[in-house]
Amino acid sequence: MAAISVAFFYFLYGRLDGLGAKIDALGGQIDEQGRSLGARIDAPSGRVDAQGADLGARIDALSGRIDAQTARIDALSARLDDHTARHRHVG
């Protein structure tokens, strides 16, 4: 009876050991797939970040150009006001 119990114990131990190895292998596959998925997500994310930075630089450049044009318009407006004030006919 004791021999059967020991044999059964080794049988169960072997089955559980094999099951543990399968679980470890599946865990490794899950880890690898997670890393692969993470890399696939990071790549587009990096491109989006780069495009966002490029777009931000373009907006800043356009904003600078708009500010320069606004300054020119303000200067022309001041010159026109000055010219109008000097040539206003008092009637």
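## Salt bridges

In this predicted model, the count of salt bridges comes to 3. Side chains of opposite charge can pair when their charged atoms come close. The cut-off applied here is a side-chain nitrogen of Lys or Arg within 4 Å of a carboxyl oxygen of Asp or Glu.

The side chains of E32 and R35 form one of these bridges, with an N to O distance of 3.2 Å. Because they lie 3 residues apart in helix α1, R35 and E32 are separated by about one helical turn. R35 has a relative accessibility of 52% and therefore counts as exposed, whereas E32, at 46%, is partly exposed.

Another bridge joins the side chains of D54 and R58, at 3.4 Å from N to O. D54 and R58 are 4 residues apart in helix α1, so about one helical turn separates them. D54 is partly exposed, with 38% relative accessibility; R58 reaches 53% and is classed as exposed.

A further bridge links R86 with D82, whose side chains meet at 3.1 Å, N to O. R86 and D82 are likewise placed in helix α1, 4 residues apart, which means a separation of about one helical turn. The relative accessibility of R86 is 57%, so R86 counts as exposed. For D82 the corresponding value is 41%, and D82 is partly exposed.

## Position of the paired arginines

R58 lies in helix α1, and its 53% relative accessibility places it in the exposed class. Between R58 and R86 there are 28 residues of sequence separation, and their C-alpha atoms are 42 Å apart in space.

## Nonpolar surface patch

Where does the model present a nonpolar surface patch, and which residues make it? The patch is made by V6, F9, Y10 and Y13 and covers about 490 Å². Y13 belongs to helix α1, which comprises residues 2-86.

## Overall form of the chain

The secondary structure of the chain consists of 1 helix and 0 strands. The radius of gyration is 39 Å, well over the 12 Å that the globule rule gives for 91 residues, so the chain is more spread out than a compact globule. Along the principal axes, the C-alpha atoms fill a box of roughly 130 × 20 × 10 Å.

## Surface and charge

How many of the residues count as buried, as a percentage of the chain? Of the 91 residues, 0% fall in that class, for which the cut-off is under 20% relative accessible area. The accessible surface of the chain amounts to about 8300 Å², and carbon and sulfur atoms account for 63% of that surface.

Notes:
Residues are numbered from 1 along each chain as its sequence is written. This is a predicted model: local features need pLDDT of at least 70, side-chain atom pairs count only at pLDDT 80 or more; totals for chains, interfaces and linings use all residues. Side-chain values use heavy atoms; hydrogens and water are left out. Patches are made of residues with over 30% relative accessible area and no salt bridge: like charges are joined within 9 Å, nonpolar side chains (Val, Leu, Ile, Met, Phe, Trp, Tyr) within 5 Å. Accessible areas come from the Shrake-Rupley method with a 1.4 Å probe; for residues, only the protein chains shown count as cover. Helices (H or I, at least four residues) and strands (E, at least two) are DSSP runs, numbered from the N terminus. Buried means under 20% relative accessible area, exposed over 50%, partly exposed in between (1.4 Å probe, protein chains only). The radius of gyration is taken over C-alpha atoms; the globule rule is 2.2 Å times the number of residues to the power 0.38.
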